[in-house]
Amino acid sequence: MANTPADDLLARLAGKQGSSDQGNDPWSDLAASAPAHEPVQQYESVGADEKLDSLLDRLNKMAKGDRAEAAPSPTSAPTAHEPEDDEPLDSYIPREPTTAREAGLTDTEIEALALKYLVSRGEASGRQISDQLKLPFLILEEQLRKMKYDQLVVYKDTTVANDYVYYPTDLGRERGKRYSEHCTYFGAAPVTLKDYIESVKAQSLEKQHPSIDDLRRAFEDLLINPDMFRRLGPAINSGRGLFLYGSPGNGKTSIAERVTRSFGQHIWIPRAIGLDGEILRLFDPSNHEEAPLPEENGLLHSAKLDRRWVRIKRPTIIVGGELTMENLEITFNTATGISEAPVQLKSNCGTLVIDDFGRQRMRTDELLNRWIVPLEKRYDYLNMANGKKLQVPFDQLVIFSTNLEPKDLCDDAFLRRIPYKIEVADPSEGEFRQLFKIMCPLMGFEHRPDVIDYVVKTHYETVNRPYRCCQPRDLLQQVRNLCLFEKEPLELSKERFDAAVENYFAVM
């Protein structure tokens, strides 16, 4: 009997050129075909055969990827091995969960997030809900089937294979509104506190040991004295805390901002943490800078990463005179039912800068007493709105930047817990001149040593005025603004510097 087109297709899938007419069962041929991990024999074919072979080749690669993929826990760091092409080179990689239990979520929590999203949007496909909750579609698909069985949602339409457009029933809408009365959050599904603590341990600053080359790279845009590097290096390697003190305008804040660059570049943090049914939002776009992965170059690249986590640049959070005790505790929004993480939790695995220390709206001893244990023990206690107390990591480099003497701000007990006190001294005359040389081209000026000599001798040496690191930039900015106002070319002159000094030092 002649072969049918279906028989020929099965024969090609089985790795044969054609099917014999001697009673062979094509399904038996398929079962006896070579395993997927072996190379597929190439054939000389055109048209539809080329498309089929191309499809088989893609399936082959996917099968190889599945076999090569280990099965670590969703949030565990990968074991030491040569990174594959489709793996990000981060010390910690959150792995995608395969079940709700593995994700640390109950069916009720997933149901609540999905219903609140559907009530807000009106209708959505399963994959749209998956993208909103940052959960794998397979987990959502199983939960949506249960919700349909419980008559909370109905199918409104079909989309791609194995997916539907879901619409909440009256019962589902009512239940979704009740969920929203407790908490309005329906963003990315939360991560467990245990998984977050493990991620902080894996990405801890204590595992980072910046070298002198790392510091030079981090401070390449600043003029730093070599002696400052020798003092900063051990303090940064300690990962504990340090005082930066000295006269205003010498770059204490600029130094503090760049310290984080000497550590590893990126970390992973969860968008939100789940705490016994409560939501603690951790990712803050105003303090965290997202750092997406490079363009995907692997077929399964996105499938193995837990989308509930976000990759950010290692954070540097700066707080100044506006800091209060409330900023150091979990903030609960009674209108939304969502809790916001305090600044020390948001800065974990990064740097927290207390700028203008001593000028906060609270007494310095209140702040120091609040952190005297966390700075030594490396963990902190936070109180939830429901009365639950949490132990969380306190893993950041805390930098106290102040214009005042540290010994005038705190007692010996606290100073002992901040082992490094580094004075940011005034620049020397040579460094001061070098700052002018660096800043002139940045401001659009041609550097003129004769004019800078005039400024140093007339406005500094004569009146015994101390040098400050910020003054070359500030004075050049005033000269530039004067040129723009007069519609003159950007050019340094003694007269323009006289005018700039008169304005800048009028009450100083």
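This is a short chat about a predicted model of a protein chain.

Student: How much of the chain is buried?
Tutor: Of the 508 residues in the protein chain, 44% are buried.

Student: And contacts? What share join residues at least 24 apart?
Tutor: The share is 71%, counted among contacts between residues at least 6 apart in sequence.

Student: Let's zoom in. How do α4 and α5 cross?
Tutor: Helix α4 covers residues 107-121, and helix α5 covers residues 126-133. Their axes come within 11 Å and cross at roughly 110°. That makes α4 roughly perpendicular to α5.

Student: Why quote both an angle and a distance?
Tutor: Because two packed helices are described by the angle between their axes and the distance between those axes.

Student: Is the crossing of α4 and α5 left-handed or right-handed?
Tutor: Right-handed.

Student: Which residues meet there?
Tutor: From α4, they are Ile110, Leu113, Ala114, Tyr117, Leu118 and Arg121. From α5, they are Gln128, Ile129, Gln132 and Leu133. By class, this contact of α4 with α5 has 7 nonpolar, 2 polar and 1 charged residues.

Student: What about the largest nonpolar core? Which members touch the most others?
Tutor: The core has 29 residues. Ile110, Ile129, Leu135, Met147 and Tyr185 touch the most other members. Two of these names came up already: Ile110 in α4 and Ile129 in α5.

Student: Which elements give two or more residues to that core?
Tutor: They are α4, α5 and α6, where α6 spans 137-149. Helix α4 gives the most, with 7 residues.

Student: What does Gln143 touch?
Tutor: Leaving aside neighbours within four places in sequence, Gln143 is in contact with Asp107, Ile110 and Glu111. Ile110 is also among the core residues that touch the most other members.

Student: New topic. Where is Gln151?
Tutor: Gln151 sits in the loop between α6 and β2, which is 153-158. Its phi is near 60°. That is a positive value in a residue other than glycine.

Student: Is Gln151 buried or exposed?
Tutor: Exposed, because Gln151 has a relative accessible area of 56%, and exposed means over 50%.

Student: What about phi at Arg378?
Tutor: Arg378 has a positive phi of about 70°, and it is not a glycine. Arg378 lies in the loop between α13 (364-377) and β14 (379-383).

Student: Is Arg378 buried or exposed?
Tutor: Arg378 counts as buried, at 12% relative accessibility.

Student: Last one. Where is Ala103?
Tutor: Ala103 lies in the loop between α3 (48-68) and α4. At 0% relative accessibility, Ala103 counts as buried.

Student: What does Ala103 touch?
Tutor: Not counting residues up to four places away in sequence, Ala103 touches Pro97, Thr192 and Arg308.

Student: How far is Ala103 from Val191?
Tutor: Ala103 and Val191 are 88 residues apart in sequence. In space they are 7.2 Å apart, C-alpha to C-alpha.

Definitions and conventions. Residues are numbered from 1 along each chain as its sequence is written. This is a predicted model: local features need pLDDT of at least 70, side-chain atom pairs count only at pLDDT 80 or more; totals for chains, interfaces and linings use all residues. Side-chain values use heavy atoms; hydrogens and water are left out. Axes are lines fitted to C-alpha atoms, for helices over the stretch in contact, and angles run from 0 to 180 degrees between N-to-C directions. Helices (H or I, at least four residues) and strands (E, at least two) are DSSP runs, numbered from the N terminus. Angles under 35 degrees count as roughly parallel, over 145 as roughly antiparallel, 65 to 115 as roughly perpendicular and the rest as oblique. A crossing is left-handed if the near helix is turned anticlockwise from the far one by less than a right angle, and right-handed if clockwise. Contact means heavy atoms within 4.5 Å. Ala, Val, Leu, Ile, Met, Phe, Trp, Tyr, Cys and Pro count as nonpolar, Asp, Glu, Lys and Arg as charged, and the others, Gly among them, as polar. A nonpolar core is a set of buried Ala, Val, Leu, Ile, Met, Phe, Trp, Tyr and Cys residues joined through side-chain atoms within 4.5 Å. Buried means under 20% relative accessible area, exposed over 50%, partly exposed in between (1.4 Å probe, protein chains only).
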